[in-house]
Amino acid sequence: MKPMQHEIEAILTRQLASYLSTPVFLVDAEGTMLFYNEPAEVILGHRFEDTGEMAAPEWTTVFTPVDEEGRMIPPDELPLIIALREGRPAHRVFWIRGLDGQRRHLAVTALPLTGQAQRCTGAVAIFWEIKP
């Protein structure tokens, strides 16, 4: 099996995320989910160690993101995809169904990761569960 190669920005962001108590979700420039930290595991309903990396078409739908009216949110309207595609921060409040079946209300802010060569090497989302 060939080892995975990732940009230094993704490697360092993953290392930082592993030390934070804030939920963090990391994707590469193609939108592949590279990592989410332990606090994110609680909200997403599954350990990263058990899910592993996921392509964008899978993670953008597997957590079933819906708006306040219960309508599915198209992948292109999710903060991480906006941060990747447009190279700018994005924020949105929405609901997901975690892999544990639990419905959760989230506030998500995503930022593009721009390397020293001024090109987007991925994006990171920081999110919070909104409790009633």
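## Sheet

Two strands count as paired if DSSP finds at least two bridges between them; helices (H or I, at least four residues) and strands (E, at least two) are DSSP runs numbered from the N terminus. On that basis β3 and β4 pair in the antiparallel sense over eight bridges. The model is a predicted one, in which local features need pLDDT of at least 70 and side-chain atom pairs count only at pLDDT 80 or more, while totals for chains, interfaces and linings use all residues. Residues are numbered from 1 along each chain as its sequence is written, and side-chain values use heavy atoms, with hydrogens and water left out.

Five strands make up an open sheet with antiparallel pairing, in the order β2-β1-β5-β4-β3. Its edges are β2 and β3 (90-97), each of which pairs on one side only. Direction ignored, neighbouring strands of this sheet are turned by 25° against each other on average; axes here are lines fitted to C-alpha atoms, for helices over the stretch in contact, and angles run from 0 to 180 degrees between N-to-C directions.

## Strand pairs and hairpins

Strand β1 (residues 24-28) pairs with β2 in the antiparallel sense over three bridges, and Phe25 stands opposite Tyr36 in β2.

β4 and β5 run antiparallel and are joined by nine bridges. Leu106 stands opposite Glu129 in β5. The hairpin of β4 and β5 also has five residues between the strands, and Gln118 there takes a positive phi near 60°.

Buried means under 20% relative accessible area, exposed over 50%, and partly exposed in between (1.4 Å probe, protein chains only). The buried residues are Pro79, Leu80, Ile81, Ile82, Ala83 and Leu84. Their cover includes β1, α4 (56-62), β3, β4 and β5. Just after α5, Gly87 takes a positive phi of about 65°.

## Aromatic residues

A search of the whole structure finds five aromatic pairs. Rings of Phe, Tyr and Trp (its six-membered ring) pair if their centres lie within 6.5 Å; planes under 30 degrees apart count as stacked, over 60 as edge-to-face and the rest as tilted. Phe35 and Phe48 have ring centres 5.4 Å apart and planes at 70°, so the pair is edge-to-face. Because Phe35 lies in strand β2 (residues 33-36) and Phe48 in helix α3 (residues 48-51), the pair ties together parts that are 13 residues apart in sequence. Both Phe35 and Phe48 are buried.

One aromatic cluster is formed by Phe25, Phe35, Tyr36, Phe48, Trp59 and Phe63. Elsewhere, Arg103 lies over the face of Trp95, at 4.0 Å from the ring centre. A charge sits over a ring if NZ of Lys or CZ of Arg is within 6 Å of the ring centre and within 35 degrees of the ring normal.

## Arg104

Arg104 is found in strand β4 and, at 11% relative accessibility, counts as buried. A polar atom of its side chain lies 3.4 Å from the backbone oxygen of Val42. Polar contacts are pairs of N or O atoms within 3.5 Å; within protein, one must be able to donate a hydrogen and the other to accept it, and residues adjacent in sequence count only if both atoms are side-chain atoms. Not counting residues up to four places away in sequence, Arg104 touches Val42, Ile43, Gly45, Phe94, Trp95, Ile96, Gly98 and Glu129.

## Thr22

Thr22 lies in the loop between α1 and β1 and, at 26% relative accessibility, counts as partly exposed. Leaving aside neighbours within four places in sequence, Thr22 is in contact with Asn37, Pro39, Ile126, Phe127 and Trp128. Thr22 and Leu34 are 12 residues apart in sequence and 17 Å apart in space, C-alpha to C-alpha.

Note on methods:
Contact means heavy atoms within 4.5 Å.
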